[in-house]
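Reader: I would like to go through this model with you and ask, for each label attached to it, what the label rests on.

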Amino acid sequence: MNEVSAPDLLDELLELSPRDRFQAVATVVARVWETPSVLLGEIPPTQAITAVAVVAAGLPAAYGKSWLDHRLAAAALPSVSPELAGRALCALDVIVGRDRESVPLELHVSDGEAAGALLDDLRDVLMDGLRRVW
């Protein structure tokens, strides 16, 4: 997939059935976690971060977060398991360089401080998802 904006990716996900949306997001998260080098070509960072955000948006701790807009809320996966939250957390760690298998990425953002806060908030929501008993 070419580099596409996050809103466009969310629109594409909303065109999928809930089952296909779950499969698409879970596949991206697993591929990034299992094979970080996919971020250098096969899966653009924007797509990977969007997949992580869609998982996080389906967790109770995302309620009321400033980044949870109407598109992301509509694309959110319902009933996110702790296993999927854990995979999304691992993928996020790969994306932001916290994992030893991370690949060197240049994420071009206009506000690095806001982007860092968003990534930290996503991490907190996913961590909360791991702690929940389903």
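This is a predicted model: local features need pLDDT of at least 70, side-chain atom pairs count only at pLDDT 80 or more; totals for chains, interfaces and linings use all residues.

Author: The protein chain comes to 6 helices and 0 strands, and 40% of its 134 residues count as buried.

Reader: How do you know that helix α3 reaches a span close to the expected one?

Author: Helix α3 covers residues 45-57, which is 13 residues, and from its first C-alpha to its last it reaches 18 Å.

Reader: What makes α3 a mostly covered helix?

Author: Of the 13 residues of α3, 12 are buried, and a residue is given that label when its relative accessible area is under 20%. Among the buried residues are P45, Q47, I49, T50 and the run of V52, A53, V54 and V55.

Reader: Which element gives the most to the largest nonpolar core, and which residues have the most contacts inside that core?

Author: The largest nonpolar core has 39 residues, and those with the most contacts inside it are V25, V32, V54, V55, W67 and L126. Two or more residues come from each of α1, α2, α3, α4, α5 and α6, and α3 gives the most, with 9 residues. As for L126, once its neighbours within four places in sequence are left aside, its contacts include V52, V55 and A56, as well as L59, A85 and L92.

Reader: Why are α2 and α3 called oblique to each other?

Author: Their axes come within 9 Å and cross at roughly 120°. Because roughly perpendicular ends at 115 degrees and roughly antiparallel begins only over 145, the pair α2 and α3 is therefore classed as oblique. The crossing in which α2 passes α3 is left-handed, and the contact is made by V25, V28, V29 and V32 of α2 together with Q47, A48, A51, V52, V54 and V55 of α3.

Reader: Why does D121 count as buried?

Author: D121 lies in helix α6. Its relative accessibility is 18%, and the cut-off for buried is under 20%, so D121 falls within the buried class. Leaving aside neighbours within four places in sequence, D121 is in contact with K65 and W67.

Reader: What share of contacts in the protein chain joins residues at least 24 apart?

Author: Among contacts between residues at least 6 apart in sequence, that share is 70%.

Note on methods
Residues are numbered from 1 along each chain as its sequence is written. Side-chain values use heavy atoms; hydrogens and water are left out. Helices (H or I, at least four residues) and strands (E, at least two) are DSSP runs, numbered from the N terminus. The expected span of a helix is 1.5 Å times one less than its number of residues. Buried means under 20% relative accessible area, exposed over 50%, partly exposed in between (1.4 Å probe, protein chains only). A nonpolar core is a set of buried Ala, Val, Leu, Ile, Met, Phe, Trp, Tyr and Cys residues joined through side-chain atoms within 4.5 Å. Contact means heavy atoms within 4.5 Å. Axes are lines fitted to C-alpha atoms, for helices over the stretch in contact, and angles run from 0 to 180 degrees between N-to-C directions. Angles under 35 degrees count as roughly parallel, over 145 as roughly antiparallel, 65 to 115 as roughly perpendicular and the rest as oblique. A crossing is left-handed if the near helix is turned anticlockwise from the far one by less than a right angle, and right-handed if clockwise.
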